[in-house]
Amino acid sequence: MFKLSIVTPDGPVFDDTVTSLIAPGGLGYLGLLTGHTPIMTTLTPGVLTIAREPGGKIALLIGEGFMENSPDPKNGGNRCLIVTRSI
């Protein structure tokens, strides 16, 4: 599991622990799991699918933006930040 934060110009929208996500990257959809290699990419408008435990998915329609996945020294895993124009 890893920490996911989603921010829009209006402020934070989502801040929780998730198991995976599928995001509309600039070159196509991409998946992110715990321990994923650090990455920074653009996002295009599309559906962001978030998987949480104990089982359950959230699908959000997002606007263009950026996604950064980086190591999280606090928990030894990774942390993902999504900055988008709209949800």
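Biologist: Is Leu61 buried or exposed?
Modeller: This is a predicted model, and the values are computed from it. Leu61 is found in strand 7, residues 57-62. A residue counts as exposed when its relative accessible area is over 50%. Because Leu61 has 60% relative accessibility, it counts as exposed.

Biologist: Which residues make a nonpolar surface patch with Leu61?
Modeller: The patch has an area of about 400 Å². Besides Leu61, its members are Ile22, Tyr29 and Val47.

Biologist: Which residue takes a positive phi in the hairpin of strand 6 and strand 7?
Modeller: Five residues lie between the strands of this hairpin. The positive phi is near 75 degrees, and the residue that takes it is Gly55.

Biologist: Which residue stands opposite Ile50 on the side of strand 3?
Modeller: Strand 3, residues 20-25, runs antiparallel to strand 6, and three bridges join them. Ile50 belongs to strand 6, and the residue that stands opposite is Leu21.

Biologist: How many salt bridges does a search of the whole structure find?
Modeller: One of them is formed by Lys3 and Asp15, with the closest N and O atoms 3.9 Å apart. Lys3 lies in strand 1 and Asp15 in strand 2, so this pair ties together parts that are 12 residues apart in sequence. The search of the whole structure finds salt bridges to the number of three.

Biologist: How many residues apart are Asp16 and Arg52?
Modeller: The side chains of Asp16 and Arg52 meet in a salt bridge of 2.6 Å, N to O. Asp16 is in strand 2, whereas Arg52 is in the loop between strand 6 and strand 7, and the pair links distant parts of the chain, 36 residues apart.

Biologist: In the salt bridge of Glu64 and Arg85, which residue counts as exposed?
Modeller: The side chains of Glu64 and Arg85 meet at 2.9 Å, N to O. Glu64 is in the loop between strand 7 and strand 8, and Arg85 is in the segment after strand 9. With 39% relative accessibility, Glu64 counts as partly exposed. At 60% relative accessibility, the residue that counts as exposed is Arg85.

Conventions: Residues numbered from 1 in each chain as written. Predicted model: local features only at pLDDT ≥ 70, side-chain atom pairs only at ≥ 80, totals over all residues. Heavy atoms only, no water. Patch = residues over 30% accessible without salt bridge, like charges linked within 9 Å, V, L, I, M, F, W, Y side chains within 5 Å. Areas by Shrake-Rupley, 256 points an atom, 1.4 Å probe, with all protein chains shown as cover. Salt bridge = Lys/Arg side-chain N within 4 Å of Asp/Glu carboxyl O. Helix = DSSP H or I, 4+ residues; strand = E, 2+ residues; numbered from the N terminus. Buried < 20%, exposed > 50% of the residue type's maximum accessible area, 1.4 Å probe, protein only. Pairing = 2+ DSSP bridges.
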